[in-house]
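Welcome, and thanks for taking a look at this one. Please open the structure below and keep it beside you while you read the briefing.

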Amino acid sequence: MGFFSKDIKTLDDLFVHTLRDIYYAEKQIEKSLPKMIDKATDPQLKAGLEKHLGQTKGHIERVEKVFELHGVKAKTVNCPAIDGILEEADEVSGDIDDKDVLDAALIASAQAVEHYEITRYGTLIAWAKQLGRTDCANVLTNNIKEEQATDRKLTEIAEAKVNLQAAE
Ligand SMILES: [Fe+2]
Ligand SMILES: [Fe+2]
């Protein structure tokens, strides 16, 4: 049985629902990152995305840990938002022949993904604290820190190199 929005009555329900949303999102990201790594040509970008794939596997494990700490079943709910972001990433990159422009597009798509994760984790951390679950908030903070660092790294790669090459 699904977890329908009519089942959400309390902030705790909403916390669990959103945790299942990010759980789904992280799993979709884990599936999509290898395709992006494949398409990337800039070595620093490729390596950065590869590193983040490893981190993403860790994010999934940490979210599972939070389910456990909170005493609820680890399961996913569909998240059309991340599906849309990943679908668009795939479509746009499929339309680009120039390798440098493609790298710039991949960075933009990857940053859209990171920002989605950051907004979800930001909310989850705030709700966990409000619910008195600092244990859950601490685990989720490890995830948001890696998403934020990845986002900053992508900006760096874009501004120092990839955007310049794409504009040539
Ligand atoms: Fe993540
Ligand atoms: Fe991420």
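## The largest pocket

The lining of the largest pocket is made up of 5 nonpolar, 5 polar and 3 charged residues. Please keep in mind that this is a predicted model.

**More on the pocket**

- The largest pocket holds about 180 Å³ of space. Its lining has 13 residues, and those closest to the centre are G48, K51, A149, T150 and K153.
- Two elements, helix 2 and helix 5, each give two or more residues to this lining. Helix 2 supplies the largest share, with 7 residues.

**Iron ion (ligand 1)**

- If you are setting up the metal site, here are the protein donors: E26 (OE), E26 (OE), H59 (ND1), E117 (OE) and E147 (OE), at 2.1 to 2.4 Å from the iron ion (ligand 1).
- Along the chain, the donors of this ion follow the spacing E-x32-H-x57-E-x29-E. H59 belongs to helix 2 (residues 43-70) and E147 to helix 5 (residues 134-167), so this pair ties together parts that are 88 residues apart in sequence.
- Are H59 and E147 buried or exposed? Both residues are buried.

**Iron ion (ligand 2)**

- The iron ion (ligand 2) is coordinated at 2.0 to 2.5 Å by H52 (NE2), E114 (OE), E114 (OE), E117 (OE) and E147 (OE).
- The donor residues of the iron ion (ligand 2) show the sequence spacing H-x61-E-x2-E-x29-E. H52 sits in helix 2 and E117 in helix 4 (residues 99-130), so the pair ties together parts that are 65 residues apart in sequence.
- H52 and E117 are buried.

**The two ions together**

- How far apart are the iron ion (ligand 1) and the iron ion (ligand 2)? The distance between them is 3.4 Å, and E117 coordinates both.

**The cavity**

- The model has 1 cavity of 30 Å³ or more. About 70 Å³ of space lies in the largest cavity.
- Its lining consists of I29, S32, L33, M36, L49, H52, L86, A110, V113, E114, T150 and L154. By class, these divide into 8 nonpolar, 3 polar and 1 charged residues.
- Helix 1 (11-39), helix 2, helix 4 and helix 5 each provide at least two lining residues. Helix 1 gives the largest share, with 4 residues.

**Helix 2**

- Helix 2 has 28 residues and spans 40 Å from its first C-alpha to its last, close to the 40 Å expected at 1.5 Å a residue.
- The buried residues in helix 2 are L45, L49, H52, L53, Q55, T56, H59, I60, V63, V66, F67 and H70. Helix 1, helix 4 and helix 5 are among the elements that cover them.
- An α-helix has 3.6 residues a turn, so residues three or four places apart point the same way. You may find that handy when tracing the buried positions of helix 2, including L45, L49, H52 and L53.

**T150**

- T150 is found in helix 5. With a relative accessibility of 13%, T150 counts as buried.
- What does T150 touch, leaving aside its neighbours within four places in sequence? T150 is in contact with H52, Q55 and E114.
- T150 and K51 lie 99 residues apart in sequence, with 9.3 Å between their C-alpha atoms.

**Two exposed residues**

- G71 lies in the loop between helix 2 and helix 3 (80-94). Its relative accessible area is 62%, and G71 is exposed.
- The C-alpha atoms of G71 and L164 are 49 Å apart, while 93 residues separate the two along the chain.
- P80 lies in helix 3 and is exposed, with a relative accessible area of 64%.
- P80 and Y23 are 57 residues apart in sequence, and their C-alpha atoms are 13 Å apart in space.

Technical notes: Residues numbered from 1 in each chain as written. Chains lettered and ligands numbered in written order. Predicted model: local features only at pLDDT ≥ 70, side-chain atom pairs only at ≥ 80, totals over all residues. Heavy atoms only, no water. Donors = N, O, S within 2.8 Å, 3.2 Å for Na, K, Ca; no water. Buried < 20%, exposed > 50% of the residue type's maximum accessible area, 1.4 Å probe, protein only. 1 Å grid on protein atoms, 1.4 Å probe; cavity = no way out; pocket = protein on both sides within 12 Å on 5 of 7 lines; lining within 4 Å. Points joined across faces, edges and corners; volume = space filled by probe spheres on them. Nonpolar A, V, L, I, M, F, W, Y, C, P; charged D, E, K, R; others polar. Expected span 1.5 Å × (residues − 1). Contact = heavy atoms within 4.5 Å.
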